[in-house]
Amino acid sequence: MDRFREEVVRKHKRGMEEVLYYLAFVVMILTGATALLYISAFLAYIGQGFDFYSLIFGLFNAGICVFLFLRRDRLRTEYEYTFTNGALDFAMVFNNAKRKSLGSLNVKTVDAFGPVNSASFQRYISMDGVKQSRWFLNREAELYYFYFQKESAKRIIVLEPSPDMVADIRAFLPYGVYQE
């Protein structure tokens, strides 16, 4: 029988992110309209002399508009963890529309797994040359870490799985890997 569990981690207190998301939408519309006005003013007076102020201000507003269009979905970020028979896949989801795969991990190759508030985590995090990946949204949640070496590079992944997913992960870990 297969063990399969999929979890989506959302930020618990999302009020500020929602305000920023809608504010970015309003600013995007305003800067886009301003860019159109200034660029059209530049084009209207191009035969009478160059008004570089209109062009520069229009391009600046157009840049802000494009930047907000491309980045505002990142204000609504979620993480997705998929566990299937010892393989754990990680993904970042933007605004419930765009999905970016972060990688996969076979828990049988992990050197250490445990809660972040343990002494073992402090030992691994203080080692030289450890690359950290923080794939969680809520600092007050129960966080867990994976420590492993891949191609002679030391890595730590910190995430916030549910107690059910932790139990599934522990079932596939080698003996002595879980550390408290």
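**A tour from the strands to the helices**

What you have open is a predicted model, in which local features need pLDDT of at least 70 and side-chain atom pairs count only at pLDDT 80 or more, while totals for chains, interfaces and linings use all residues. Residues are numbered from 1 along each chain as its sequence is written, and side-chain values use heavy atoms, with hydrogens and water left out.

Now color strand β4, residues 98-106, together with β3: they pair in the antiparallel sense over eight bridges. (Two strands pair if DSSP finds at least two bridges between them; strands are DSSP runs of E with at least two residues, helices are runs of H or I with at least four, and both are numbered from the N terminus.) Three residues sit between β3 and β4 in their hairpin. Click on N95 in that loop: its phi is positive, about 55°, although N95 is not a glycine.

Next, select β3 on its own, residues 87-94. Six of its eight residues are buried, so β3 is largely enclosed by the rest of the structure. (Buried means under 20% relative accessible area, exposed over 50%, and partly exposed in between, using a 1.4 Å probe and protein chains only.) On to strand β2, residues 77-84, which pairs with β3 in the antiparallel sense over eight bridges. Pick out Y79, whose bridge partner in β3 is M92. This hairpin has two residues between its strands, and N85 takes a positive phi near 45°.

Move over to another sheet. It is open, has four strands in the order β5-β7-β8-β6, and its pairing is mixed. At the edges stand β5 and β6 (130-135), each with a single partner strand, so one side of each has no neighbour in the sheet. Ignoring direction, neighbouring strands here are turned by 20° against each other on average.

Zoom in on β7 (144-150) and β8 (153-159), which pair in the antiparallel sense over seven bridges. F148 stands opposite R155 of β8. Then find S152 in the loop between β7 and β8. S152 isn't a glycine, yet its phi is positive at about 60°, and S152 is exposed, with a relative accessible area of 74%.

Go to β5 (112-115) and select G114. Is G114 buried or exposed? It is buried, at a relative accessible area of 0%. Leaving aside neighbours within four places in sequence, G114 is in contact (heavy atoms within 4.5 Å) with L143, Y144, Y145, Y178 and Q179. Check Y178: 64 residues from G114 along the chain, yet their C-alpha atoms are 5.5 Å apart.

Last stop, the helices. α1, residues 15-44, has 30 residues and reaches 44 Å from first C-alpha to last, close to the 44 Å expected at 1.5 Å a residue (the expected span is 1.5 Å times one less than the number of residues). Its buried residues, among them Y21, M28 and F42, pack against α2 (52-71). The two helices pack at an angle of about 150°, with axes 7 Å apart. (Axes are lines fitted to C-alpha atoms, for helices over the stretch in contact, and angles run from 0 to 180 degrees between N-to-C directions.) α1 and α2 are therefore roughly antiparallel, the label for angles over 145 degrees. The residues making the contact include G32 and A35 of α1, and G58 and A62 of α2.

Methods
Angles under 35 degrees count as roughly parallel, over 145 as roughly antiparallel, 65 to 115 as roughly perpendicular and the rest as oblique.
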